[in-house]
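Subject: Structure for you to look at

Hi,

Here is the structure I said I would pass on. Open it in your viewer and keep it beside this message while you read.

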Amino acid sequence: QMVTNHSNLYYQIAAGLLMPPEGFGSKYYLDTADAFPGYLPIFPVNVLQAAVDFSVSEKPHLLACILNMDLNSLRGPVKVITPQGEVKDVNFPEEVDSSCQLMLVSAPLPINFISSIVCRSREEKLQIEKDAQYFSNVDISDFTMKTGAAAFTKKKSEKWPLQDILITSIEVSLDVPMAAGAMMGVLSNMSNRGKLSISAGRLAFEPESSPRGIESHPAIAAMGGWLKSGKCTETEDVSQRLFWNIVSQVSAAKGSAKADNVMDVAIAYLENMPTEEFDQKTRSYGEKLAGDLRSILGLADSTISEIFERHPKPVSRAMTLFVLREKIVDLLEFDSARLTEADYILAAILFAAREGWIGLANDLRDLPGLNAAVSHRMAAIAHNIAGSNLELGQAPERPQSLVELMTAAESSMSNGQKEAALYIARQLKWTCLQTQIDLGKGDYQLGVTGAGIRLTLDGDVKAVLTEVLEDDFMVNFLATEIPNKVERKVRELLRSAK
């Protein structure tokens, strides 16, 4: 069990992670995590009443919460504190026994490790559920909510923070994980742009993979290495190195500077590229691009088009889009015939680094299964970069967008995809169907009525086959936002067809 307050809980749900205080920025209220920097304090059985009181001590409006945790998939080194105040380094779960008064786990942990949230009373539970509605990225309905006043007062003897316990703090950086989560989110929503976007989305979730077609775009392919290490891998490709260095600068600035300054950080890097990494020709080009980017705001579209012409490289165009648009949703709505699919993908990666998972618009986070899949992977990336040796278990399956599910793996759709496509076309009344009727031998009468043409025949029809014209269907499909009700039915059809 963990102890916190409802305000910190909201922020962690939005962030997708159970985090140490430094992950909150200025929005943190004192709770149990403050006592052990870099660790998450977890009570094995019952929480201390003093820990509950401490977690709501900073402001009178705060409401206490106990988070019941499911740690069945957790493996690796943790610290335990015994009732005698002894601190032990042990492996979880096999070496954690009944002598454990408190367990310290390296932060962060996936938010979906919460099995239920316990509130002190029904009134507080209703208040927490009501207040959560004011935050678009806090969906508390994903969690089981319980009440139980006794859980908050079972252990009264100890003080909090625990006395005379000295733990060396550890630094936890969430810049890369948060940027990674946003990359997963936004690229999952770009699959309607083409197969390269689908491959980039898969790479964001599976950094070890080599999706088809990604090798032809080195700057995009380098995302896998960056997600594993938090920095650009060694390469002779100047554009690739430049782009991912900028991504690193932007993601770090997101956590340490005001959001308004993040763009300046990226442009400043172009103006002052490290001499030990880039030659004079590249640095001169960077300075020229930076000058154009600083003057871009407020320009007419025709002038912006000229900048695209002057800077035809994908990294330069991505930087131009980064300056032109403020939010990822603005980028996704921007359309220019001069830009390639790769240009949009690289720009989306930059935007993701700036906004982070917590800043991603809610409608970009509502893909079924996305939150759990991203949360687990963000925590895993943080531990991989920190070298904590903590294992979180099997990550939830990568969610697939409807476009990916409906895209034919071979030259033609599968039977399941054809059935789903037929359902979509009928529901949305698209003119991409053809019907074949097999008739037996005989005489047929053709008549005209007010509703159209009527064919009259004796006996029964041998076969009526309605099919989707696949090319015409995909044109409609990629250009249309599919209603949620229709999408849910389509996913059911595709699951049942497997």
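This is a predicted model: local features need pLDDT of at least 70, side-chain atom pairs count only at pLDDT 80 or more; totals for chains, interfaces and linings use all residues.

Glu-124 touches Leu-63 and Ala-64, leaving aside residues up to four places away in sequence. You'll find Glu-124 in helix H3, which runs over residues 122-132.

Now the overall picture. The protein has 498 residues, and 49% of them count as buried. There are 19 helices and 14 strands to find. The C-alpha trace spans about 95 × 70 × 40 Å along its principal axes. If you take the contacts between residues at least 6 apart in sequence, 69% of them join residues at least 24 apart. The accessible surface comes to about 24,700 Å², and 47% of that belongs to carbon and sulfur atoms.

How much space lies in the largest pocket? About 1,100 Å³. Its lining has 27 residues, and the closest to the centre are Asn-189, Asp-363, Glu-481, Ile-482 and Glu-487. Four helices each supply at least two residues of this lining: H13 (328-333), H16 (402-406), H18 (470-478) and H19 (484-497). Which helix gives the most to the lining of the largest pocket? That is H19, with four residues.

There are cavities as well. Searching the whole structure turns up two cavities of 30 Å³ or more. The largest cavity holds about 70 Å³ of space. It is lined by 13 residues, and Leu-187, Ser-188, Gly-201, Arg-398 and Glu-404 are the ones nearest its centre. Helix H4 (175-188) and helix H5 (195-205) are the elements that give two or more residues to this lining. H5 gives the most, with four residues.

Start with H1, residues 6-15: ten of its ten residues are buried. Among them are His-6, Leu-9, Tyr-10 and Ile-13.

Then go to Ile-267 in helix H9, residues 262-271. Is Ile-267 buried or exposed? Its relative accessible area is 3%, so Ile-267 counts as buried, the cut-off being under 20%. Ile-267 touches Ala-290, Leu-293, Arg-294 and Val-323, again without counting residues up to four places away in sequence. For contrast, pick Ser-157: its C-alpha atom is separated from that of Ile-267 by 56 Å, and the two residues are 110 apart along the chain.

Most peptide bonds are trans, and most residues other than glycine have a negative phi. Here are the exceptions I'd look at.

- A cis peptide bond joins Ala-107 and Pro-108, with omega about 0°. Pro-108 sits in the loop between strand S7 (102-106) and strand S8 (109-110).
- Another cis peptide bond joins Trp-160 and Pro-161, and omega is again about 0°. Look for Pro-161 in the loop between strand S10 (145-147) and H4.
- Asn-389 is not a glycine, yet its phi is positive, near 65°. Asn-389 belongs to the loop between helix H15 (370-386) and H16. With a relative accessible area of 60%, Asn-389 is exposed.
- Lys-429 has a positive phi too, about 55°, although it is not a glycine. Its place is in the loop between helix H17 (415-428) and strand S11 (433-438). Why does Lys-429 count as exposed? Because its relative accessible area is 70%, and the cut-off for exposed is over 50%.

Cheers

Methods: Residues are numbered from 1 along each chain as its sequence is written. Side-chain values use heavy atoms; hydrogens and water are left out. Buried means under 20% relative accessible area, exposed over 50%, partly exposed in between (1.4 Å probe, protein chains only). Contact means heavy atoms within 4.5 Å. Accessible areas come from the Shrake-Rupley method with a 1.4 Å probe; for residues, only the protein chains shown count as cover. On a 1 Å grid over the protein atoms alone, a cavity is a set of points where a 1.4 Å probe fits but cannot get out, and a pocket is an open set with protein on both sides within 12 Å along at least five of seven lines; lining residues have an atom within 4 Å of a point. Grid points are joined across faces, edges and corners, and a volume is the space filled by probe spheres set on the points.
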